Amino acid sequence: MADAGSRPGADGPDAGPLALCARAPHVPAERLVAEMVPPPRFDAVRFDTYNLDPDQPSQAEAVTVLSGFAAGLGGAHASGGGKRRWFARGPKAAPASGPRGVYLDGGYGVGKTHLLASLWHATPAEPALKAFGTFVELTNLVGALGFQQTVQTLGGHRLLCIDEFELDDPGDTVLVSSLLSRLVEQGVALAATSNTLPGKLGEGRFAAADFLREIQGLSAQFRPLRIDGQDYRHRGLPEAPAPFSDEQVTKAAYATPGASLDDFPGLLEHLAKVHPSRYGALTEGVAAVCLTDVGAVPDQSTALRLVVLADRLYDREIPVLASGVPFDRLFSDEMLNGGYRKKYFRAISRLTALARDAKGLVAQ
């Protein structure tokens, strides 16, 4: 278990809600590897539970292609055995011809993570030979284990799934390009999701042209698979609930076992002190997140940290009850029109869904 820091009020049933701002989780490297599985929201998803939109044929095509891709991974891997090999490298596989991965591209809310998790579940290999994580979790794993040890740890896998694949800085571009090339050489199949085609990664965020070779190298590892459609979280649903009052949010936090209660500006400051790869551990054991005084985020660095937190809350199906401004006013027009706009729209979509889930926490 991660050390989640102190938990105010944990000593008795009437002590009140916990505070995310009081948590400073530390996640050991062994746990980083062990938790590279689909998050709780996607434990039970499968290809046949994907909500196909009949007006979007690319969705049915994606299911067909990914089902075939999973079936094709049933052969023997270069590592041979079925046990996880942390410190032992298996014999190298023969170099793969053509792309060794699939890349799911599409707008937010079209079900890319559902399909990626379904691929993980459908791949005929035991869980220890399949890895699933976000892009930031993968780069953090390299930071924790070192490059060579990460190659050895993942090199015996049959499949590596990378969710939310985004290249935000040149260092990540070079690192991930090198890592994925090494893993493909060892016979690891790749699958990734993103809102950006592989040839366009980094565009609008840093001088992508200066790292064109690395970006093209990444693109060559994947077969792009476009998925069109509307945000399934809001198809035919009413608008997001209006924010509640500070008093309502606070009262609900005290009345909900396992809920957290934080002042939004204070939480944003705390997120700057915790590595984004630990935001999942930050929310461990939390039944609902209650936030007071929600307002527009002040800058892009803060906004990107909030995006990661929103993703982890959504993955874990944790309702979010808030006072202040509506979630669609978190990000400025400049942010919503900039290079990270798809991330921000995804965060708004997911937080809106979690706000709907939280409506029942407030006594009517």
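Cys21 is partly exposed, with 31% relative accessible area. Cys161, by contrast, is buried at 0%, and the structure holds 0 disulfides. Please keep in mind that this is a predicted model.

**Cavities**

- Searching the whole structure turns up 3 cavities of 30 Å³ or more.
- The second largest cavity has a volume of about 70 Å³, and its lining includes Phe264, Leu267, Val289 and Leu291.
- Also in that lining are Leu306, Leu309, Ala310 and Leu313, along with Val320, Phe327, Leu330 and Leu351.
- Two or more lining residues come from each of α9 (264–271), β7 (288–294) and α11 (300–315).
- Helix α11 gives the largest share of this lining, with 4 residues.
- What classes of residue make up the lining of the second largest cavity? There are 12 nonpolar residues, no polar ones and no charged ones.

**Aromatic pairs**

- The structure holds 3 aromatic pairs, and one of them joins Phe331 to Tyr344 in a stacked arrangement, 4.6 Å centre to centre with 25 degrees between the planes.
- This pair links distant parts of the chain, 13 residues apart: Phe331 is in the loop between β8 (320–324) and α12 (333–336), while Tyr344 belongs to helix α13 (residues 341–358).
- Both Phe331 and Tyr344 are buried.
- Tyr344 also pairs with Tyr340, this time tilted, at 6.5 Å centre to centre and 55 degrees between the planes.
- Taken together, ring pairs join Phe331, Tyr340 and Tyr344 into a cluster.

**Charges over rings**

- Which ring lies under the charged end of Arg41? It is the ring of Tyr314, whose centre is 3.8 Å away.
- Lys130 lies over the face of Trp120, 4.3 Å from the ring centre.

**Helix α4 and its end**

- Helix α4 spans residues 135–145, and its buried residues are Phe135, Leu138, Thr139, Asn140, Leu141 and Val142.
- Gly146 follows α4 and has a positive phi, near 95 degrees.

- Asp293 has a positive phi near 60 degrees and lies in strand β7.
- Glu317 has a positive phi near 55 degrees and is found in the loop between α11 and β8.
- Glu317 also counts as partly exposed, with 44% relative accessibility.

- Ala19 lies in the segment before α1 (29–34).
- Why does Ala19 count as buried? Its relative accessibility is 18%, and the cut-off for buried is under 20%.
- Ala19 and Leu282 are 263 residues apart in sequence, yet their C-alpha atoms are 10.0 Å apart in space.

Definitions and conventions: Residues numbered from 1 in each chain as written. Predicted model: local features only at pLDDT ≥ 70, side-chain atom pairs only at ≥ 80, totals over all residues. Heavy atoms only, no water. Buried < 20%, exposed > 50% of the residue type's maximum accessible area, 1.4 Å probe, protein only. 1 Å grid on protein atoms, 1.4 Å probe; cavity = no way out; pocket = protein on both sides within 12 Å on 5 of 7 lines; lining within 4 Å. Points joined across faces, edges and corners; volume = space filled by probe spheres on them. Nonpolar A, V, L, I, M, F, W, Y, C, P; charged D, E, K, R; others polar. Disulfide = S-S within 2.5 Å. Phe/Tyr/Trp six-rings, centres within 6.5 Å; stacked < 30°, edge-to-face > 60°. Lys NZ or Arg CZ within 6 Å of the ring centre and 35° of its normal.
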